[in-house]
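Student: I have a structure to go through. Could we take it in questions and answers?

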Number of protein chains: 2
Amino acid sequence: VTAEPLRFEDGALLILDQRALPGEERWIRCERAEQVAECIRSLAVRGAPAIGIAAAYGMVLAGGELPADREERAAAAGQRAGDLEAAADLLRSARPTAVNLAWAIDQVLASGDPLECARRLHREQEAADRRLAALGAERFEPGDRALTHCNAGALATAGYGTAGGVLQAAWEQGRLAQVWVDETRPLNQGARLTTWELERAGIPNRLVTDSSAGTLLARGLVDRVVVGADRIAANGDVANKVGTYPLAVLAERHGVPFYVAAPVSTIDRDTPDGASIPIEERDPSELGAGVPAVNFAFDVTPAELVSAIVTEAGVLEPPYDEAIARVASR
Amino acid sequence: VTAEPLRFEDGALLILDQRALPGEERWIRCERAEQVAECIRSLAVRGAPAIGIAAAYGMVLAGGELPADREERAAAAGQRAGDLEAAADLLRSARPTAVNLAWAIDQVLASGDPLECARRLHREQEAADRRLAALGAERFEPGDRALTHCNAGALATAGYGTAGGVLQAAWEQGRLAQVWVDETRPLNQGARLTTWELERAGIPNRLVTDSSAGTLLARGLVDRVVVGADRIAANGDVANKVGTYPLAVLAERHGVPFYVAAPVSTIDRDTPDGASIPIEERDPSELGAGVPAVNFAFDVTPAELVSAIVTEAGVLEPPYDEAIARVASR
C-alpha cells in the first residue's frame with residue numbers, strides 16, 4: 001500500500017503530481033533537469049527526502065549518457081561536467097529549507113556515475129526509513145493515539161516514510177490505535193496526502209484543523225506527537241512545516257512526547273542552530289484569500305522541545321549536539 | 001466604515017449573510033423566529049454578541065404585535081407568552097457555546113416589551129463596545145503590531161466590535177501600526193471578515209495561516225494578542241474560536257500580552273470554569289476535505305494565560321474570580 005511519488009524509467013523521471021492528490025493520480029514525465037526543478041518548486045513533488053531524490057535523478061537527466069566510444073567519451077566529459085554544475089545550481093535553488101536537496105545533489109556531483117548514485121540514494125532512503133520507523137515504533141505503546149502534521153509518509157520520502165513510517169510500523173506492531181491528522185494550511189498536505197496514505201494502510205484516522213491540537217492535547221486525546229523534518233541543525237533545532245513549533249510548545253505543556261523522525265541526511269552540521277536555517281516564504285496567493293498575506297512555509301522548533309530525534313542510526317536524545325556529532329559526519 | 005450585520009426594519013429582521021462575505025453583500029429577510037434560528041445555526045450571523053441581538057429580534061418576530069384593543073390584548077397575551085417560550089427554546093438551542101445568546105433571550109422574556117428590549121440591547125452593545133474599545137486601546141503603544149484570531153469586529157457584535165473595536169480605537173489613537181490576521185479555519189472568518197473590516201477602516205493588515213503565530217511571536221513581530229470571547233466562566237477561563245488557546249500558550253512563552261475583549265454579557269457566573277463550558281462540535285464537512293474529521297468550533301483558554309479581560313465595566317486583571325464578581329451580576 002506504500003505510495004510511490006517518483007519512478008525513473010526509460011531515461012525519464014516520472015513524478016506523481018501531489019498537487020492533484022487525492023482526487024487524481026497524474027504523472028509528470030521529466031526529460032530535463034529544468035522540468036524536475038519546476039516540479040520541486042511548484043510542489044508537484046515535496047517532502048525533504050523526496051525532493052533530494054528527485055533532484056538526484058534530475059542530475060542524471062542533466063548529465064545524459066556518455067558515449068560508449070572512449071575518445072568521444074573523453075571529449076563529452078568536459079561538457080557534461082559543465083552541464084551537471086549548471087543543473088546542480090538550478091536544482092539547489094528550487095527550495096531553500098530542506099537540506100536533503102543540496103545534500104543529494106552534492107552526492108551525485110561527487111560520484112562518477114549519476115544514475116548509479118541516484119538509484120543508490122533512492123534505495124538507501126527506503127532502508128533508512130524502514131530502520132528509523134522500526135526504532136520509532138518501539139516508543140509506542142498499545143492503544144496510543146498519535147498526532148501528526150503535514151505529510152512525512154512515503155510520498156514525502158520516496159521510501160517508506162519518516163513520521164509516516166513510524167506510524168505505519170507502530171500500527172503493524174499493534175501499538176497504535178488512531179492518528180489525528182492536522183489539515184496543514186495553506187496547501188492541506190495533511191488533509192490531502194496523509195489521510196490518503198493512512199486510509200490506504202487501513203490506519204484509523206481523523207482530520208482536524210491545525211488550530212485543534214490545543215483542544216486534543218488539553219482533553220488528553222493525544223499520547224504522542226510525531227513529525228518529520230526539513231533540516232535539523234547541529235544543536236538539534238528542527239525546521240519543519242509551519243505549525244510544528246506550536247505543536248511542540250503545546251505537547252510540552254501537556255507532557256506529551258514530541259518526536260521528530262528524519263534520516264541522518266536531514267541533519268546539517270554546517271547549520272549551527274535554528275536561527276541559521278533559511279525559512280522559505282512562499283507566494284501569499286497559496287492562502288487563496290485574495291488579500292495581502294505572508295506565507296511562511298516552515299518554522300523552527302528549538303531542540304529543548306524535542307523529546308527524541310528518530311534516525312536510522314538510532315534514536316537521539318538530549319544533549320543533541322553530542323548525539324548528532326556521533327551519527328552525522330557532515 | 002463600521003459594518004452592520006443586522007437591521008430591524010418594517011417588522012422584519014434583515015441579516016447580512018456573512019457566509020457570502022467578502023464576495024457578496026447579500027441580505028436575508030427574516031419574518032419568523034425560525035428563520036433567525038436557522039441564520040444563527042448556519043452562521044449567516046455569527047459572533048457571540050451579534051447572535052444574542054439577532055435572537056432578541058427573533059423573539060420580537062415570535063411575539064408579534066399585541067392588538068391595540070384592551071380586551072383582545074388580554075386574550076392575545078396568553079397565546080403570546082406560549083409563542084415566546086417556544087421561540088426562546090428554539091433560538092437558545094441554535095448554538096451552545098456563546099452565553100450571550102441565552103442571556104439576550106432571557107432579557108427579552110423578562111421584559112414586557114420585546115421590541116423595546118431588543119432595540120435597547122442593540123444600543124447597549126454599541127455603547128459597551130465603544131467603552132471597552134477605548135479602555136483596551138489604552139494598553140497599546142505607538143508602533144504596536146497586534147495579532148488577532150477569527151472575527152470580533154462590528155460584524156460579530158452588531159455594535160463597534162470587541163477585539164476589533166480595540167484595534168479600531170488603538171488605530172484612531174495612533175497606537176497601532178499593523179494587524180496580523182489569522183486565517184481561522186475551517187470557515188476563514190479571519191481571512192474573509194476581519195481583513196475586510198480592517199481594509200474598510202484603512203488599518204494595515206496581513207493575513208497568515210493559523211499555524212504561523214509561533215513564527216511571528218518567535219521573531220518578535222507581535223506586541224499584543226487580542227481576541228474576543230464566546231463565554232467567560234466565573235474563574236476567568238475563556239471559550240473562544242478554536243485556535244485561541246494555542247495563541248495564548250505561545251503568547252505566554254514569548255512574553256507578549258494576551259487580551260480578551262468582551263462585554264460583561266459574555267461573562268457567565270453560572271459557569272464555574274472552562275471545563276463546564278459546552279464546546280460546540282460542528283459538521284466535519286466544514287473542513288471540506290471529504291474525509292473523517294472532528295470539527296471543534298471553540299476551545300478553552302485557562303485564566304492563567306489571560307493578561308487582561310477588557311470589558312465596558314473596566315479592564316479586569318487577575319485574580320479573575322474577584323474581578324468578575326465585582327462587574328458581573330449573573
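Student: How many bridges join strand S10 of chain A to S15(A), and do they run parallel or antiparallel?
Tutor: This is a predicted model, in which local features need pLDDT of at least 70, side-chain atom pairs count only at pLDDT 80 or more, and totals for chains, interfaces and linings use all residues. Residues are numbered from 1 along each chain as its sequence is written, chains are lettered from A and ligands numbered from 1 in the order written, and side-chain values use heavy atoms, without hydrogens and water. Strands (E, at least two residues) and helices (H or I, at least four) are DSSP runs numbered from the N terminus, and two strands pair if DSSP finds at least two bridges between them. S10 (residues 258-261) and S15(A) are joined by three bridges and run parallel.

Student: Which residue of S15(A) is the bridge partner of Tyr259(A)?
Tutor: S15 of chain A covers residues 308-311. In that strand, Tyr259(A) has as its bridge partner Ala308(A).

Student: Which residue of S16(A) is the bridge partner of Ile309(A)?
Tutor: S15(A) and strand S16 (residues 314-316) of chain A run antiparallel, with three bridges between them. A hairpin of two residues connects S15(A) to S16(A). The partner of Ile309(A) in S16(A) is Leu316(A).

Student: Are the residues on the two faces of strand S15 of chain A buried or exposed?
Tutor: In a regular strand, side chains alternate between the two faces of the sheet. Here Ala308(A) and Val310(A) lie on one side, with Ile309(A) and Thr311(A) on the other. Buried means under 20% relative accessible area, exposed over 50%, and partly exposed in between, with a 1.4 Å probe and protein chains only. Both faces are covered, and the four residues are all buried.

Student: What is the angle between the planes of Phe8(A) and Tyr57(A)?
Tutor: Rings of Phe, Tyr and Trp (its six-membered ring) pair if their centres lie within 6.5 Å; planes under 30 degrees apart count as stacked, over 60 as edge-to-face and the rest as tilted. The structure holds three aromatic pairs over all chains. Phe8(A) and Tyr57(A) form a stacked one, 5.0 Å centre to centre, with an angle between the planes of 10°.

Student: How many residues apart are Phe8(A) and Tyr57(A)?
Tutor: Phe8(A) is in strand S1 (residues 6-9) of chain A, and Tyr57(A) is in helix H2 (residues 48-63) of chain A. Phe8(A) counts as buried at 11% relative accessibility, and Tyr57(A) is buried at 2%. The pair links distant parts of the chain, 49 residues apart.
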